[in-house]
Amino acid sequence: QQQQQQQAAVKHAQNGVNKDGFGSGRGGVLGGGGGGLRLNDLDWLSVMLSHEPVHLRHGFEDEGLGMPWTRAKFQVVCFFAPQFAELRRRVVQGGEMSYVTSLSRCVRWAQRGGKSNAYFAKTRDDRYIIKSMSKAEKASFLEFAPAYFEHAAKSALSGQRTCLAKVLGMYQVTAKTPTGASGLAATNAGKDGVLDLLVMENCFYDQQISRIYDLKGSERNRFNADAAANPHDAKEVHLDENLRRANLSAPLMVTPASQRQLELALWADTAFLSGLAIMDYSLLVGVDKDDHVLAVAIIDFIRQYTWDKQLETWVKGSGILGGGGKEPTIISPKQYMRRFRTAIMSYFTVVPGSAFVSPSLPSDM
């Protein structure tokens, strides 16, 4: 019976492997690796295709110096622990021990370019990024997490590349200071501090990035004046309008083969996200001038199209908030997918080459 279930899992994973992609290499489609899995790796597939929400809990106490009554107690919940563990086993270089070692040394990260008040941290070895999640983001990801793991399994079998930044773990960390604490610790005595955290790969790890773009394909509020005033500051995040202006004098050029790989990955990834009613994602592009590489990754794909997003679409589309007739940043998932595809592909200039250039794919395919 177990063998029949495993064979059914393989058959289920193989359905549609030419439509979805999740490569196992570092970085994006223009700078990452490929590779597939053995089709007889049934145990791995059984775990990845399981929809059972196994969440592990672990409690421990602060072992730092100080009086025992001032030590905080912690509880960590690892969401979808088996699925994430198997995913990391496939894509994390050095395995689980390397992952845990990296997470044990983190520093707070003042991320530029974002509009949210989310907490960000980065591991000291620069491999991973930790981001806090809102209640809406947490609920959204918990809902579509099984589809995310299935997407990973299908694509691992096909070996097709992807632009999705890898999400490698989701946790809830609760810290509580004993009620008997005194001094500074008494400020939060007896109170629980709760953080919902997402661990993602750093798409620019081990690369010398000289410029960063955050691209949504929108025209509304997509210009960063500070980045334009400091074009040589590698930490500034340039937006869509910044790139449009930069392309007039120094366009981002790619080969026909790279352009085709990017297009195929974008179409697969955005179709997957649109099918889950996910939108407002971005294509993060890092320019590595030393190696002549563009590192790309789709980020911020956690939030689904809920009623508050629909209300924002109506308000912005009505012109109440101005905008000069430009299309609102937040639209429906399918509209967002089409606009995103069309705009992103227009941002890159294909250099002449001997390779055959395939016709562009329709934006609504």
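**Notebook: the sheet around β5**

I started at β5, which is joined to strand β7 (residues 192-201) by 5 bridges, the two running antiparallel. Strands here are DSSP E runs of at least two residues and helices are H or I runs of at least four, numbered from the N terminus. I count two strands as paired if DSSP finds at least two bridges between them. This is a predicted model, where local features need pLDDT of at least 70, side-chain atom pairs count only at pLDDT 80 or more, and totals for chains, interfaces and linings use all residues. Residues are numbered from 1 along each chain as its sequence is written, and side-chain values use heavy atoms, with hydrogens and water left out.

I looked up I130 and found V199 as its bridge partner in β7.

Next I took β4. Strand β5 (residues 128-132) and β4 run antiparallel, joined by 3 bridges. I found I129 in β5 as the bridge partner of K122. The hairpin of β4 and β5 has 4 residues between the strands, and D126 there takes a positive phi near 75°.

I then checked β3 (residues 106-108), which pairs with β4 in the antiparallel sense over 3 bridges. R108 stands opposite A121 in β4.

I looked at the side chains of β4 (residues 120-123). F120 and K122 point one way, A121 and T123 the other, and all are buried (under 20% relative accessible area, 1.4 Å probe, protein chains only).

Last, I traced the whole sheet. It is open, with 7 strands in the order β1-β2-β6-β7-β5-β4-β3 and antiparallel pairing. The edge strands are β1 (56-61) and β3, each pairing on one side only.

Definitions and conventions
Buried means under 20% relative accessible area, exposed over 50%, partly exposed in between (1.4 Å probe, protein chains only).
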